[in-house]
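Please look at the structure before reading the points.

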Amino acid sequence: MAISVRTVALLALGLIPVLLLPELGTVLTWLGLVVVLAVVDLVLAAPPRALEIERRPLGSVRLTEPAESVLTVTNPSGRTMRALIRDAWQPTAGNGPNRHRVTIPAGEARRTRTALLPTRRGDLQADLVTVRSSGPLGLAARQASITVPGHLRVLPEFRSRRHLPSRLARLREMDGRSAVNVRGPGTEFDSLREYVIGDDVRAIDWRATARRADVVVRTWRPERDRRVFMVLDLSRLSAVRLGEAPRLDASIEAALLLAALASKAGDRVELVAIDRAVRARVSGTHGPAIMAKMADALAPVHPTLVEPDWTAVTQVIRDRLSQRSLVVLLTALEPGAIDSGLAPVVAALSKDHQVVLASATDPDTDLLRQARESSADLFDAAAAERGELERRAVATRMRRVGAEVVERLPEDLAPALADTYLALKAAGRL
């Protein structure tokens, strides 16, 4: 039972006759009248548990894109339902006004709509819908919470897709439309065409030239159907906040852009998200379907506060790859990575594969290094400078064992990794 504001107001109005006629009987009469009216109103209120509530499936939505939770409320009772319905979601769903006042005649149905604007990637859940049914006088109400499960999967935002058209244009230049003239270790024969001034004489096909009146050259294009294997680090290093989001979010953006580009190039893409065990895997999918599958697989993954197990990463890679491939490690390039065993793993993988180590850097580091206003700022600047030198030393060590290192600010990591992929493909190093 719930007492309405109207009932409280009636009780307060009873103070007026009490002040004018301060007899005990007057007070009791007024209180009794209000209580009787509230009880009658409560009896006449439609039972909230009799409602039939259905929730429209929400499916999935990208981060920062709006969604809508729609409830269909049916009143099978024989009384008119005057209800206040609350459709509550967890705070990260970004729900707007979620209390809806509706009047549902007997045997009819109404719909309520709650706007959602998610602020965090992952799975959002709704459980209970609270219904407060008021009587015709509005003095009292019945309240009940009804289980109406709801699920909304919030996919990664994929902001980096704005860089895809320009990278695809470069890919088309490499892929047969403006083919290279000289064969490289990672190229395949494309076609023959007439020689033009500026072509490399090593590209001349002398047999074809002998059969024709014109000089003919061979053109080559980067090989297709290569393997691109991405490893997404979910350990404590990925939990560090870089600006407004953790490092993991920047790594996910880079992985999505690279997957989109590599699939368009005809390469086979595979991904594992791992800390000390595999938390998500995408494999066996080609073409446009891989983007939807990858976004769905990466939506619920979050950093875990454990040390990375690079030995397990090596075993996963060796189990999946039997030929030379591009292995992309999306992790943190920090001095602590050496202690966790990253360097020996990169050295071992580089013997059989082309390894790229991609890491998002902290945008606040440069600000700390430049601060000089107080003694505390000087200590912060010294610490930031030392951290930068250690990080550079780690990057140099990784390059010496054969890995390509890509370090950028979070918003620049995705296009930089895509450029590295294109450069390796153009050079025939995949």
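The model is predicted, so local features need pLDDT of at least 70 and side-chain atom pairs count only at pLDDT 80 or more, whereas totals for chains, interfaces and linings use all residues. Residues are numbered from 1 along each chain as its sequence is written, and side-chain values use heavy atoms, with hydrogens and water left out.

**Terms**
- Helices (H or I, at least four residues) and strands (E, at least two) are DSSP runs numbered from the N terminus.
- Axes are lines fitted to C-alpha atoms, for helices over the stretch in contact, and angles run from 0 to 180 degrees between N-to-C directions.
- Angles under 35 degrees count as roughly parallel, over 145 as roughly antiparallel, 65 to 115 as roughly perpendicular and the rest as oblique.
- Contact means heavy atoms within 4.5 Å.
- Ala, Val, Leu, Ile, Met, Phe, Trp, Tyr, Cys and Pro count as nonpolar, Asp, Glu, Lys and Arg as charged, and the others, Gly among them, as polar.

**Helix 6 with helix 13**
- The axes of helix 6 and helix 13 lie 8 Å apart at an angle of about 30 degrees, and the two helices are therefore roughly parallel.
- Residues making the contact include Leu257, Leu258 and Leu261 of helix 6 and Leu413, Leu417 and Tyr421 of helix 13.
- This contact has 14 nonpolar residues, no polar ones and 1 charged.

**Helix 6 with helix 7**
- Helix 6 and helix 7 (residues 289-298) pack at about 165 degrees, with axes 10 Å apart, and are therefore roughly antiparallel.
- Among the residues that meet are Ile252, Leu256 and Ser263 in helix 6 and Ile290, Met294 and Leu298 in helix 7.
- By class, the contact has 10 nonpolar, 1 polar and no charged residues.

**Helix 8 with helix 10**
- The axes of helix 8 (residues 310-320) and helix 10 (residues 342-350) come within 9 Å and cross at roughly 15 degrees, which makes the pair roughly parallel.
- Trp310, Thr314, Ile317 and Arg318 of helix 8 contact Leu342, Val345, Ala348 and Leu349 of helix 10.

**Largest pocket**
- A pocket is an open set of points on a 1 Å grid over the protein atoms alone where a 1.4 Å probe fits, with protein on both sides within 12 Å along at least five of seven lines; lining residues have an atom within 4 Å of a point.
- The largest pocket holds about 520 Å³ of space, where volume is the space filled by probe spheres set on the points, joined across faces, edges and corners.
- Its lining has 21 residues, and Arg241, Glu244, Ala245, Pro246 and Asp249 lie nearest the centre.
- Helix 6 gives the most to this lining, with 4 residues.
- The lining comprises 10 nonpolar, 2 polar and 9 charged residues.
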